[in-house]
Amino acid sequence: ADAQVAATQRRMRNASVVLVLAVALLFAFAIYRLVEVPVGKLMDGTQAVSQGQLDHRIALQSGDDLGALAASFDHMTSELQRAEAVNRGWALTLEDKVRQKTDELQRAQSHLMQLDKMASLGKLAATVAHEINNPLAGILTYARVLGRDLTSLECAPERRGHIERSLGAIAAETQRCGGIVQNLLSFARTSGAQMVPAALDPLVEAGLGIAQHHFELASIEVVRQLAAGPEPVVCAPGEIQQAVLALLVNAAEAMPSGPRDSWEQAE
C-alpha cells in the first residue's frame, strides 16, 4: 500500500509539472500572439513614421484595445500624409507666387531705372536746347540782316536771286530748328500731372515737331488726320504730349526700312 501511494504521488507530481508547463507554454503563446506581435508592429510603425515614412500602415486586425490603437495610428498617419501633401502644394504655390512677385519687382525696378534715365535725358535735352536756342536766334538775325543789306548791293539779277534763295533757306531752316528747340523746352517745362483744359491738336503738332527728324531719317511720310478739333479737353498736357511722342518714336523705330517695306512685312 505504501508503494502504491508513493507511485501515485509521483504520478501526480509528474502530471502537475506537465500541466504547469503546458499552461505556461499556452500563456506564453497567447501573450506572444496577443501582446508581443501587436506591440512590435506598433513600435515598427512609430519608427517608420519618425523616419518620415507616412505611407506605412500597421493593418492590425483585432478587436481588442491594441487593434483600436493600431487603427487610430493608421488614421493618424493618413491624416499626416494628407496634411504633408497639402503643405507641399502650398509650398509650391508660394514659391510660384514669390517668383512671380520677384519678377514683377525686377520689371518695376527696371522700369523705374528707365524712367530715371529718361528724366535725366530730358533735363539734358532741355539744357542743350536752351544753349542751342541763342545761336539759332543769332543765325536767323544775321540772315535777315544780310537779306536787308542785299538790296543795296549791285550784282547780277541771277546772282541776287541765288543769294536771296540761299538766305531764305537759311532763315527757314533756322526757324524750323528754333521751333523744334521751343517744343523741347515746352516739353521739358510741362508739369504733367496738372489737369487743365487744353486743345489736343497743338499737343499732337508739338510731338510731331519734336519727332519729325526720326521720320525724315527713315524716309517716312507722316499723314495728319487730326479729328480732335479746337475744343479744349480737360487733361494733363504734359502726359498727353509724352504719350504722343512715345507713340511717334516707337512708330519710327518699328519702320527702319521705310513705310512700304514695313507694310509688306506686316501683310
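Predicted model: local features only at pLDDT ≥ 70, side-chain atom pairs only at ≥ 80, totals over all residues.
Residues are numbered from 1 along each chain as its sequence is written, and side-chain values use heavy atoms, with hydrogens and water left out.

The protein chain contains six helices and two strands, taken as DSSP runs numbered from the N terminus (helices H or I, at least four residues; strands E, at least two). Their order from the N terminus is α-α-α-β-α-β-α-α. Of the 267 residues in the protein chain, 21% are buried, that is, under 20% relative accessible area, with exposed meaning over 50% and partly exposed in between (1.4 Å probe, protein chains only). Among contacts with a separation of 6 or more, 72% join residues 24 or more positions apart, a contact being heavy atoms within 4.5 Å.

In H5, the buried residues include Pro237, Gly238, Gln241, Val244, Leu245, Leu248, Val249 and Ala252. These residues lie on the same side of H5 because they cover an arc of only 130° around the axis, taken from the directions from the helix axis to the C-beta atoms. An α-helix has 3.6 residues a turn, so residues three or four places apart point the same way. Leu247 and Glu253 are exposed on the face of H5 turned away from its buried side.

H5 packs with helix H4 (residues 200-217) at an angle of about 35°, the axes being 9 Å apart. Axes are lines fitted to C-alpha atoms, for helices over the stretch in contact, and angles run from 0 to 180 degrees between N-to-C directions. Among the contacting residues are Leu203, Ile210 and Phe215 of H4 and Ile240, Val244 and Leu248 of H5. By class, the contact comprises 15 nonpolar, three polar and no charged residues; Ala, Val, Leu, Ile, Met, Phe, Trp, Tyr, Cys and Pro count as nonpolar, Asp, Glu, Lys and Arg as charged, and the others, Gly among them, as polar.

Helix H1 (residues 2-50) includes Met43, which is partly exposed at 47% relative accessibility. Lys41, also found in H1, is partly exposed at 35%. Lys41 and Ile58 are 6.3 Å apart, C-alpha to C-alpha.
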